[in-house]
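User: I'm new to reading protein models. Could you walk me through some features, one at a time?

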Amino acid sequence: MALDEIKNEEIASNFIHDFIDEDLENGVYSRVQTRFPPEPNGYLHIGHAKAICINFGVKNKYNGICNLRLDDTNPTKEDTEYVEAIEEDIKWLGFDYDNVYYASDYFDFLYECAIKLIKKGKAYVCELTPEQMREYRGTLTEPGKNSPYRDRPIEENLDLFERMTKGEFEAGSKVLRAKIDMASPNLNMRDPIIYRIMYATHHRTGDKWCVYPMYDFAHPLSDACEKVTHSLCSLEFENHRPLYNWFVDELIEGEKPRQIEFARMNLNYTLTSKRKCLKLVQDGIVDGWNDPRMATISGMRRRGYPAEAIRDFCEKIGVSKAYSVIDFALLESCVRDTLNRTAPRAMAVLDPIKLIIDNYPEDKFEMLEAEYHPDRPELGKRTIPFGRELYIERDDFMIEPIKKYRRLFVGNEVRLYKAYFVTCTGYDLDENGEVCAVHCTYDPETFGGDAPDGRKVRGTIQWVYTKDCAEAEVRLYDRLFNVPNPSDEEGVSSFEDNLNPDSLVVKKAYIEKSLSGVKPGDTYQFMRTGYFCADTDSTPEKIVFNRTVALRDSFNTKK
């Protein structure tokens, strides 16, 4: 169910809602408007999903407005590919934004705001090098020093800023800084840069500009320009809030937006740093931003994660101010819960060996009937061909069974799903000494999987008919990293040392013939194996399934 279908009173309250309720009660605002403002320099990831759910959840709870605003103030890193991916991901998650805006829509307005600050004597053109600026800035325990250019006359600053805009100076030679307080205990208030020279073609404005606003300047003013009431952002911007307020107080008349921070999502065994994710893509470690092992929303969609499960996950972790690391197993649990309710069932054999029913007539052929889902009769039923020779999973037979092993071994009887009881009588070995076929006999009186004499068997296994099945490539995906916190590693490449070598295993499998017509995105539970989704690479000629998630979490056990 999409969040906009949920009644307002059913949306769980949190401290953000408490702040908004207080503002509405006190008449600070008479309406509620939020925005989701990603930078189009990469694909959205699971952390963005939390921010999306929070912003659009507020919209739904208060019957307000939530816009999408692309923060495109850095043309060297941004691309229309990312814009299109962001729009697609938000809609796939089940949300509708009221409008689409860009920070570049406000470049003229932002430029006029910069001029206004200069005229008020609260901005100046500075020529310190980056190294000098760091030196002048001071530390957390020592105040900064005023730039020698801080007291330039207003007219000189106006002239220099205009010449910066006309492209008369080299990139990096001059910046425009706000004049606030170099002795402030908050380093963000120590005369921050608000404009820099950058010679780069912008994906929307082309070469119109060669000066671009900094995020801390563009963001609050864009919020104000759009009439945002509550600017919801992650906790790392808490120390930027005084600067946010300074800009809107200096430059905006009337109603002003309020910034509220929440703890960002930290999910173990994943990377969400766009810089490091881009390196994974560029180095060919993963198959693009939508690789099913990536923590991107598009990667999770390709892997088969339902949007409902991601929304449920974001709801379960809640909204707080406290730093925490979420266990990846919780996300997988949400995925299992959703797919258990929704995914049709089918049989597949991922590591096949033959099962030969010696007493089954060679010319006999049957069509068995099975429901697609035990709790969803509306999905209907399917027919499954059955004959003398079947494929079963290799680990459903053991020559010397371990304790409590309930599947096939010589002398043991098991149930073939929806078919018959069979008793193992022997096996064949290939030239390498590996089991290549298992022999058994069947009891014709147990058709449908039950014995008329009431005897019970303790094991049921899946199978496919060798003469009427489909071949498929199955990609068994697991977590990309084998350490909980790959982002904690120093350097841009050291995290590669912690890659999980088993994050992708490809197998040739046999599946029910009824799955021959699957389309990319179709999801099934392969019985006793896990949940699988037809990949975007899948075609009628070459069927490809991705494992979305196993039936239970075995990651820690394996490691």
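User: Let's start with salt bridges. What does aspartate 223 form with arginine 35, and how far apart are the closest N and O atoms?

Analyst: First, keep in mind that this is a predicted model. To call something a salt bridge, look for a side-chain nitrogen of Lys or Arg within 4 Å of a carboxyl oxygen of Asp or Glu. Aspartate 223 and arginine 35 make such a salt bridge, with their closest N and O atoms 3.2 Å apart. Aspartate 223 sits in helix 7 (residues 215–226) and arginine 35 in strand 1 (residues 33–36), so this pair ties together parts that are 188 residues apart in sequence.

User: Which other residue forms a salt bridge with aspartate 223?

Analyst: That's arginine 69, and here the closest N and O atoms are 2.7 Å apart. This pair also links distant parts of the chain: arginine 69 belongs to strand 2 (residues 65–70) and aspartate 223 to helix 7, 154 residues apart.

User: Are aspartate 223 and arginine 35 buried or exposed?

Analyst: To decide, check the relative accessible area: buried means under 20%. Aspartate 223 and arginine 35 are both buried. For aspartate 223 the value is 0%, and arginine 69 is buried as well, at 2%.

User: What about a salt bridge inside a helix? Where do arginine 134 and glutamate 131 lie?

Analyst: They are in helix 5 (residues 130–137), and because they are three residues apart there, about one helical turn separates them. Arginine 134 counts as exposed because its relative accessibility is 55%. Salt bridges can share partners too: Asp287, Arg302, Glu473, Arg475, Asp535, Asp537 and Lys542 are joined into one network that way.

User: How many salt bridges does a search of the whole structure find?

Analyst: The search turns up 53 of them.

User: Okay, on to sheets. How do I read one, and in what order do the seven strands of the open sheet come?

Analyst: The general idea is that strands of a sheet pair through backbone hydrogen bonds, either parallel or antiparallel. Here, seven strands make an open sheet with mixed pairing, in the order 19-16-17-18-12-15-20. Strand 19 (460–461) and strand 20 (464–465) are at the edges with a single partner strand each, so one side of each has no neighbour in the sheet.

User: How many bridges join strand 17 to strand 18?

Analyst: Eight bridges do, and the two strands, residues 421–429 and residues 435–443, run antiparallel. To find your place, look for leucine 429, which stands opposite valine 435 in strand 18.

User: And which strands pair with strand 22?

Analyst: Strand 11 (residues 348–349) pairs with strand 22 (residues 504–512) in the antiparallel sense, over two bridges. There, valine 349 has tyrosine 510 as its bridge partner. Strand 21 (residues 469–477) also pairs with strand 22 in the antiparallel sense, over nine bridges, and alanine 472 faces alanine 509 in strand 22.

User: Now the surface. Which residues form the positive patch?

Analyst: For a charged patch, you look for like charges within 9 Å of each other. Lys403, Lys404, Arg406 and Arg458 make up the positive one. Lysine 404 lies in the loop between strand 15 (389–393) and strand 16 (413–416), and counts as exposed because its relative accessibility is 69%. Its backbone is worth a look as well: phi of lysine 404 is near 65 degrees, a positive value in a residue other than glycine.

User: Which residues gather in the patch of negative charge?

Analyst: Asp18, Asp21, Glu22 and Glu25 do. Aspartate 21 is part of helix 1 (residues 15–25) and counts as partly exposed at 30% relative accessibility.

User: What about a nonpolar patch? Which residues form that one?

Analyst: Ile399, Val410, Tyr427 and Leu429 do, with about 340 Å² of accessible area together. Valine 410 is in the loop between strand 15 and strand 16, and at 46% relative accessibility it counts as partly exposed.

User: Last one: where does aspartate 191 lie, and what is its phi near?

Analyst: Aspartate 191 is in the loop between strand 5 (175–178) and strand 6 (193–197). Its phi is near 50 degrees, positive in a residue other than glycine. At 2% relative accessibility, aspartate 191 counts as buried.

Methods: Residues are numbered from 1 along each chain as its sequence is written. This is a predicted model: local features need pLDDT of at least 70, side-chain atom pairs count only at pLDDT 80 or more; totals for chains, interfaces and linings use all residues. Side-chain values use heavy atoms; hydrogens and water are left out. Patches are made of residues with over 30% relative accessible area and no salt bridge: like charges are joined within 9 Å, nonpolar side chains (Val, Leu, Ile, Met, Phe, Trp, Tyr) within 5 Å. Accessible areas come from the Shrake-Rupley method with a 1.4 Å probe; for residues, only the protein chains shown count as cover. Lys and Arg count as positive and Asp and Glu as negative; His and the chain ends are not counted. The place of a charge is taken as NZ of Lys, CZ of Arg, CG of Asp or CD of Glu. Helices (H or I, at least four residues) and strands (E, at least two) are DSSP runs, numbered from the N terminus. Buried means under 20% relative accessible area, exposed over 50%, partly exposed in between (1.4 Å probe, protein chains only). Two strands pair if DSSP finds at least two bridges between them.
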